[in-house]
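Here's a quick tour for anyone new to reading protein models. Have a look at the sequence and the 3D view, then read on.

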Amino acid sequence: MNALGPINPKLPTLWHGGDYNPDQWPPEVRAEDARLMKLAHVNVASTAIFAWSQLEPRPGEYDWSWLDETFERLSKAGVSIALATPSAAHPRWLTALHPEVQAVDRSGHRLPHGTRQRFCPTSPVYREHVARIDRALAERYRDHPSLVLWHVSNEYGNACWCDLCAAEYRTWLEGRYGTLDHLNHQYWSTFWSHRFGAWSEIIPPYAACGVVPDGLVLDWRRFQSHQVCDFFKHEAGVLAEVTPEVPITTNLMGFYGGLDYAKFADVMDVISWDSYPKVGGDPGFVACTHALMRGLKHNLPWMLMEQTPSSTNWMEYNTLKAPGVMRLWSWQAIGHGSDSSMYFQWRRSRGGHEKFHGAVVAHVGHERPRVFQEVAALGEEMDRLGRRIVGTRVAKARVGVLWDQENRWALEGSCGPSRDKRVIETAAKHYRAVWRSNIPVDVVRLDADWSPYDVLIAPMLYLVKSGRFPLQAPPEEMTPRANEAEKIAKWVAAGGTFVATYLTGIVNESDLVYEGGYPGPLRPVLGLWAEEIDMPEPGKGANTLVTRKSAFAGAKPKYKCDRVFDLINTEGAKVLATYGSNWYKGRPCLTVNPCGQGLAYYIATDPEDAFLADFYRAVAAAKGIVPLVKPAADVEALLREGPDRKLLFLLNHAAKARQVSLGKVRGKDLLSGMAVKDQVKIEPYGVRIIECA
Ligand code: GLA
Ligand code: ZN
């Protein structure tokens with residue numbers, strides 16, 4: 001896929017559709033589906049996702065009839081197909097023949113056949129069967145004009161603790177560390193006599209093991225992710241061989257903790273993800289998650305693969321999306337760079353676990369329900385605007401929040417300094433502060449090219465990679481491993497503004513603490529050393545961040561802070577604010593260190609939102625970065641741009657109408673066709689997409 005899309009030139013518009021399971025329905029219902037899809041302006045269907053038992057009812061005996069019929073019927077209805085590989089749910093006969101394809105859980109027990117996503121990613125037998133069915137599918141439909149995308153598997157997330165996985169893990173560790181001495185040192189395994197005397201003594205951290213070295217647990221998480229990614233490569237490899245022209249995706253899950261999606265992104269042609277926000281939740285968190293997913297592939301257009309048209313069935317409470325909300329959230333995703341809005345699922349199933357899950361076609365089976373009507377109305381809009389939007393991508397941001405899954409794992413896995421670390425919440429909090437000011441902001445990979453950015457925020461960058469591991473990377477992982485401290489220092493020296501927080505620069509990639517004090521290799525760039533960290537119960541140690549004169553433009557005299565209080569000593573950095581109370585009153589809690597052409601800030605505490613908003617507005621302004629439009633309560637502003645156009649998305653997340661001052665922006669609202677300037681009114685849950693003049 002090129003930088004401006006489309007996902008597939010065969011369907012050069014916004015994609016509208018969703019999970020479609022014709023394998024579950026009789027022919028008369030399938031015929032009705034085609035009529036309804038036309039009414040709903042559906043142009044793509046993700047098909048056969050969990051259909052293995054219908055595709056191959058008995059070992060080696062394929063039944064293509066229903067899928068052939070689906071291809072023909074949908075292509076007549078103008079609906080393309082995102083064809084799934086069925087690996088997420090294998091047939092019972094496969095388990096009966098080869099019980100070892102079932103994963104083993106953390107307690108060490110082989111799981112019986114049951115739910116989906118329960119296979120062992122290492123099992124050669126499973127890999128062989130998956131390659132066989134994937135190849136058969138690819139060969140059968142390779143030349144069908146309707147095939148536009150591979151939807152590989154579904155929401156990979158398999159964790160397996162079997163002996164095959166354990167053996168692979170040991171080999172992987174040997175490649176990473178070379179010698180046992182090295183591994184023992186990195187794991188600090190003398191602690192509690194954990195020392196390993198032979199590779200064979202290393203076992204996965206089963207539940208019953210209790211406490212084992214943190215480094216080992218972190219490596220196990222890395223390895224599990226690596227192994228599932230390797231399985232994905234195995235599937236993708238077969239497809240790329242047979243249908244090199246068809247782009248490949250697999251649907252991801254936002255901040256899901258089981259996998260390092262950065263590694264997956266490198267195998268995917270286009271990112272796709274499944275977004276299920278809580279109704280009434282925070283649109284800023286959704287925005288942050290869209291940015292996280294988009295950033296995996298350096299902000300290329302991506303796909304909203306699944307959302308519910310109305311409600312989920314699996315949350316504790318399942319609130320319906322009020323009229324307008326589904327449309328608003330769809331345009332929000334598109335404003336964040338998605339080239340699709342798709343649903344789980346097309347038709348509500350009659351039985352099974354998801355019979356209460358929202359779907360485009362309700363059990364009543366016709367087009368009259370509100371949900372269908374809203375989907376159809378959105379489809380009509382997407383049809384109308386599709387070719388104007390595809391060919392643009394989310395505008396280049398100059399501010400980014402750094403995110404690294406390995407850092408998250410290490411922080412979450414460490415006992416202390418407190419349990420209440422809020423890794424995801426903190427990243428989202430910093431993101432939100434910038435986003436709320438209507439300043440374009442990305443979530444950026446640690447290994448990305450940072451040169452487009454002027455400001456990079458690194459909330460709790462606890463783990464800073466030294467670049468020394470693995471010693472022998474498997475060939476497909478030969479991306480040079482940066483020394484991250486060096487990368488940061490160089491980027492700052494060249495003029496970047498770097499913002500670090502408490503809990504930064506503590507360990508290397510094996511969770512081994514850097515010698516010489518925190519923030520380890522970032523000490524020179526930040527110009528300080530951190531001595532102790534106080535993490536009392538929220539509210540019990542509430543403090544204030546008292547700013548010094550001209551700390552930053554527009555700073556208030558003081559802000560609230562709570563929960564985390566890093567006690568730091570400057571060694572070159574300038575103090576901008578100090579704690580207002582407690583026995584550490586007067587000690588620095590906000591500093592800046594000039595380095596070459598750039599600046600490195602350190603926020604030693606967890607401040608209130610108002611501080612972050614004021615601070616980031618000032619930091620951005622100092623770089624000449626200004627809001628897209630003046631912030632208005634509840635209204636999100638996003639920009640997509642292409643060679644010849646700029647599209648400003650204004651999204652009202654409130655149930656009340658809002659006014660937005662456009663400043664110098666003027667143009668045409670593509671949805672209403674009306675010219676707009678000065679002030680624009682946005683209806684409750686309303687959307688404006690302004691093509692700027
Ligand atoms: C996930 C899955 C779908 C479906 C939905 C329900 O996203 O990919 O198959 O189970 O959840 O919300
Ligand atoms: Zn396994």
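Gln345 sits in the loop between strand S9 (340-343) and helix H12 (370-389). Helices here are DSSP runs (H or I) of at least four residues and strands are runs (E) of at least two, numbered from the N terminus. What kind of peptide bond joins Phe344 and Gln345? It's a cis bond, with omega about -5°. Another cis bond runs from Gly416 to Pro417, where omega is near 0°, and Pro417 has its place in the loop between H13 and helix H14 (423-435). Most peptide bonds are trans, and most residues other than glycine have a negative phi. Now take Gln117: its phi is near 50°, a positive value in a non-glycine residue. You'll find Gln117 in the loop between helix H4 (92-97) and H5.

A word on the model itself: it is predicted, so local features need pLDDT of at least 70 and side-chain atom pairs count only at pLDDT 80 or more, while totals for chains, interfaces and linings use all residues. Residues are numbered from 1 along each chain as its sequence is written, chains are lettered from A and ligands numbered from 1 in the order in which they are written, and side-chain values use heavy atoms, leaving out hydrogens and water.

Phe344 turns up again around ligand 1, together with residues including Phe50, Arg116, Asn154 and Asp274. (Being near means having a heavy atom within 4 Å.) This shell divides into four nonpolar, three polar and five charged residues; Ala, Val, Leu, Ile, Met, Phe, Trp, Tyr, Cys and Pro count as nonpolar, Asp, Glu, Lys and Arg as charged, and the others, Gly among them, as polar. Some side chains make polar contacts with the ligand, meaning pairs of N or O atoms within 3.5 Å:

| Side chain | Distance to an oxygen atom of ligand 1 |
|---|---|
| Trp314 | 2.7 Å |
| Glu354 | 2.3 Å |
| His357 | 2.7 Å |

Taken alone, ligand 1 exposes 310 Å², and the protein buries 96% of that (Shrake-Rupley areas with a 1.4 Å probe).

On to helix packing. Helix H3 (residues 65-76) and helix H5 (residues 124-141) pack at about 40°, with axes 12 Å apart. Those axes are lines fitted to C-alpha atoms over the stretch in contact, and angles run from 0 to 180 degrees between N-to-C directions. H3 and H5 are therefore oblique to each other: under 35 degrees would be roughly parallel, over 145 roughly antiparallel, 65 to 115 roughly perpendicular, and the rest is oblique.

Terms used. A polar contact is a pair of N or O atoms within 3.5 Å; within protein, one must be able to donate a hydrogen and the other to accept it, and residues adjacent in sequence count only if both atoms are side-chain atoms.
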